[in-house]
Structure formats: structure tokens, C-alpha cells
There are 2 protein chains.
Amino acid sequence: MQALIVSAAPAASSLTADLAAVAGSTLREQGHEVVLLDLALLDWHPAVRPSDYGVEELTAPVGKHAVDAAASGSLAPEVRRHQELLRRADLVVLVFPLWWAGMPAILKGWVDRVFTQGFAYGLRDQQGNPRKYGDGAFAGKKGLVVTTAGDRAEAFGPRGVNGHIDDLLFPINHGIFWYTGIEPLPPLTLLGVDSPVWAGIEDARAQVRKRFENLATDEPLPYRRLLDDYDAERRLLDEHAPGRSDLAIHRRPA
Amino acid sequence: MQALIVSAAPAASSLTADLAAVAGSTLREQGHEVVLLDLALLDWHPAVRPSDYGVEELTAPVGKHAVDAAASGSLAPEVRRHQELLRRADLVVLVFPLWWAGMPAILKGWVDRVFTQGFAYGLRDQQGNPRKYGDGAFAGKKGLVVTTAGDRAEAFGPRGVNGHIDDLLFPINHGIFWYTGIEPLPPLTLLGVDSPVWAGIEDARAQVRKRFENLATDEPLPYRRLLDDYDAERRLLDEHAPGRSDLAIHRRPA
């Protein structure tokens, strides 16, 4: 298996940098090929800019620019390199500290810039149906979020004040991974790292090691397919999770 | 009133740039003072980097660096300028196209860099309680999300395949605004802008104009206060929305 680990650790000394390295070495020990992208080390610029598309100025929606640039070969070499890494990966791992209930900008901007229209989304099947949510450019790949957060686990639980961590990660697992056809594995969330009850870095490393030794047997989150379970207006069919409107309705029952 | 409008429009020609300008002019016509930050025009770099804190290398958690830099006067002038704009604002408006179910990185990175520890979070009251979720550094301010998305409104409804737009915006309205004490006004969501049913830019401008003419009478989202409605482990008290675990439980019933 080829794994692409994308780390949004702000520095080499960060907890998440440590855990990304543990994830990488664990996969390598199991015979997998690993590319570890440390976005801060790469000095990754997270903003979409005209230079991504070989133009001086954006005069159309960015998706249009991306399609045109791919066709004319003027997509920025940096973007193309990362797209090639993504294309080759069987497993995409995003490792980050949870900042403001989501990814740090450096990682969000990796997605914004690399997941371009025509490459990552905007595709249709032979019947003209959109290939998204369960199908798409990256069908066949798996995805995994590894995140750390300061507050205690209870505060990220189903009724926790921060919102349930599953719901906070929905935009990534469902909105990025599943949207593009990537099957998301259940996230590895290391919570309470700033709380008095944190068990410390050795425990966190052990959790990462254990999880990455056993990825092969992980079942992906059972998100529903757009073409199977939603109506023409893209609403969940009444027969599924009737009367409910929480984000968990988008998973098939266990 | 002083309003700070932060626009994540990728270009001057973008729909969201147009709408941010309409929002600004509408507020000015009503006698309010407006600062409009166009992050792309400012060439805003969204990544947290050591230079933000006047150091060569990050050797501690970024929050610690931020506190130290504020104390020693070495916080980057750019960050301090934006903090001063935020401090003076009575209303903070975030205008952006919804990308990958969230803010474009350039805007997420405005929050990551400007909302520093000690300035935006990490404060305690005289009893030692954390000042967050209904109290905080920015208590007294109001916040407003204005966002556009390509897919039709039904697909962002309570059972829509993209997830309910209210839930996708929870990390901003609750996780950023309410966390820091900012009262979030109900978001203005302009959906379906890439769909055949879109009513066009004049209609979108009219919606923005109407909303910004009437902000004074808007009731904020009735999110619950940490110190009132949650237990010591920061879980919603059993008596509120019993048995439920969707994100809407964090709002008081109408």
C-alpha cells in the first residue's frame, strides 16, 4: 500500500509532528510505502492564488481556471506534484491539531489548492450523474483523520459543549473524503491533550502505533451513496432515519 | 456602530467580493463605520509561522508563543493591526464562498493568526471559570456569516446530502464566534449559485442589502452559556434536550 500522510503540525517540536512520524514509521514497518508531507516544513502557502493557474489575475470562478490550466498544462508545478502524490496514494492520512473546531489553515489550503475541479471533483458518470458522495475521482482510496484537541473527551462527546467530535469532523470525513470517493476510516481523536487527565505523549504514541498496525481490518464509516439513498433534490429519502435531521443520518445503521 | 467585514473572495471579480461591497455600502448608508478587509487583496498569508511571534522557530505550543510575544511586544505588526481592528468592531462579518464545507483557507488562517491566546481566548473570570461560550474577550460584539454555495438549497437543508448548512457553520458560529463571546446573528446563506435555479446576482445583492438594512432587529442565535447549561465535564445538562445529541441541542428552544 502507498500512504500519503499530510501533517499540519505548526513546528517540528509539535505533538502532531511527533504523531505523524509515529504513523509513518508504523506503516513502513509493515512494509507500506509512505510519503510524509510536513506542510510547515514545505512552507506551504495555503491561499488559492492566480499563480496556481498560470494567470496574472482571476477573472472567472477558480474551478474554471483550474480546468483550463490543467488542459493547457499551466497548472502550478507545486500543485501538480501534490496531485500526483494524491493520485498514487491508497491511503490519505490528515494529521492536525484541532484549531477553532477544524483544520489549521495550512491543511485546509492544501485541500483548497490541490483538490481542483476536474481533478478531484466535477466529474460525471456515463449516465450524466455527478460522481460524488461515494463515487468520484478518488474511489478506491481510504482516508483517515488523526487529530488532537486540548479539551477533555467529555466536552467533545455527543452532548459536549464543543459539539460532538464526529460532527466537527463531518466536513472532512463526509465533505472532503466521501465527496471525492475516498472511504473515510473512523478518525483517531486524541482529546484532552491540554487537560490535567492527559496520559502523556507515550500513551498518545502507543495509540497511534496500535491504530496504524491494524488499519487493514478497519471498517470505513458507512456513509450513504448519493445515487442510492437521496432523492433528485439530494435529500435523504424519507424511509431512512425518518424524522431525524442530525448529521448521523448520513451513515447507514450498523 | 463599527463594522469589520472580512472577505475571503478569491478575486475582485468574485461573487463574494461583490456581496461584501454591497454589505459595506449598505452599512455605510445607514451611518455605520465600516472597515472592509479583502484578504486576497492584502495578500494575507494564512499559515501560522514563527515570524508571527517574533521568533526563528516554534519551540512551544503556538498559544504559549502568542502570550509571550504579546507580553514582550514582539507580536507581528500585521497581527496586531488586525487585532486592533477586531477590538474596535461592534460587528464582525465574515463573507466567503463555502469551499469543502467550510471557510477558504485564507479566512480560516485569518482566525488562526489573529485570534491569539490571551487576546481572543484563554481568559478566566474572577472566580477562575473559563470565559468561553457566551462570555469571553469579545463579549458585546455581534458576528455574522455571509456565505455562498454552489449546490441547491435542498441539498443543504436538514436532510440534504451536504449536511445541514446550520451544522456546517456550527464550527464558525459556535466554535469561533460564541466561543469568544461574540453573539452570532443567523447566517445569510446564498445557496444554489451554481445551480440552474439561481436567481442571479441582482437577486443576491438585494438579499444582502435587505439583510444589512435590518441587522439592528436581528436576534442572535440562542446558544447556551457554558456556565449555565453544562455540567463540570462540559456536557449539556440532562434536563436540556433530553436524549438528543444533534448540534441544535446547543441552542435554547425558541
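Reader: Which residue lies over the face of A:Trp44?

Author: In this predicted model, A:Arg113 is placed over the face of A:Trp44, at 4.3 Å from the ring centre.

Reader: And in chain B, what lies over B:Trp44?

Author: B:Arg113 lies over the face of B:Trp44, with a distance of 4.3 Å from the ring centre.

Reader: Turning to ring-ring contacts, how many aromatic pairs are there over all chains?

Author: A search of the whole structure gives 18 aromatic pairs. One of them is formed by A:Phe115 and B:Trp100. The geometry of A:Phe115 and B:Trp100 is edge-to-face, with 5.6 Å centre to centre and 80 degrees between the planes.

Reader: Why does that pair join two chains?

Author: A:Phe115 belongs to the loop between helix H4 (105-114) and strand E4 (142-149) of chain A, while B:Trp100 belongs to the loop between strand E3 (91-97) and helix H4 (105-114) of chain B, so the pair joins two chains.

Reader: Is A:Phe115 buried or exposed? What about B:Trp100?

Author: A:Phe115 is buried, at a relative accessible area of 2%. B:Trp100 is also buried, and its relative accessible area is 13%.

Reader: What is the geometry of the pair B:Trp110 and B:Phe115?

Author: B:Trp110 and B:Phe115 pair edge-to-face, 5.8 Å centre to centre and with 70 degrees between the planes. B:Trp110 is buried at 0% relative accessibility, and B:Phe115 is buried at 2%.

Reader: Which residues form one aromatic cluster with B:Trp110 and B:Phe115?

Author: A:Trp100 from chain A belongs to that cluster, together with B:Phe119, B:Tyr121, B:Tyr133, B:Phe138 and B:Tyr179.

Note on methods:
Residues are numbered from 1 along each chain as its sequence is written. Chains are lettered from A and ligands numbered from 1 in the order in which they are written. This is a predicted model: local features need pLDDT of at least 70, side-chain atom pairs count only at pLDDT 80 or more; totals for chains, interfaces and linings use all residues. Side-chain values use heavy atoms; hydrogens and water are left out. Rings of Phe, Tyr and Trp (its six-membered ring) pair if their centres lie within 6.5 Å; planes under 30 degrees apart count as stacked, over 60 as edge-to-face and the rest as tilted. Helices (H or I, at least four residues) and strands (E, at least two) are DSSP runs, numbered from the N terminus. Buried means under 20% relative accessible area, exposed over 50%, partly exposed in between (1.4 Å probe, protein chains only). A charge sits over a ring if NZ of Lys or CZ of Arg is within 6 Å of the ring centre and within 35 degrees of the ring normal.
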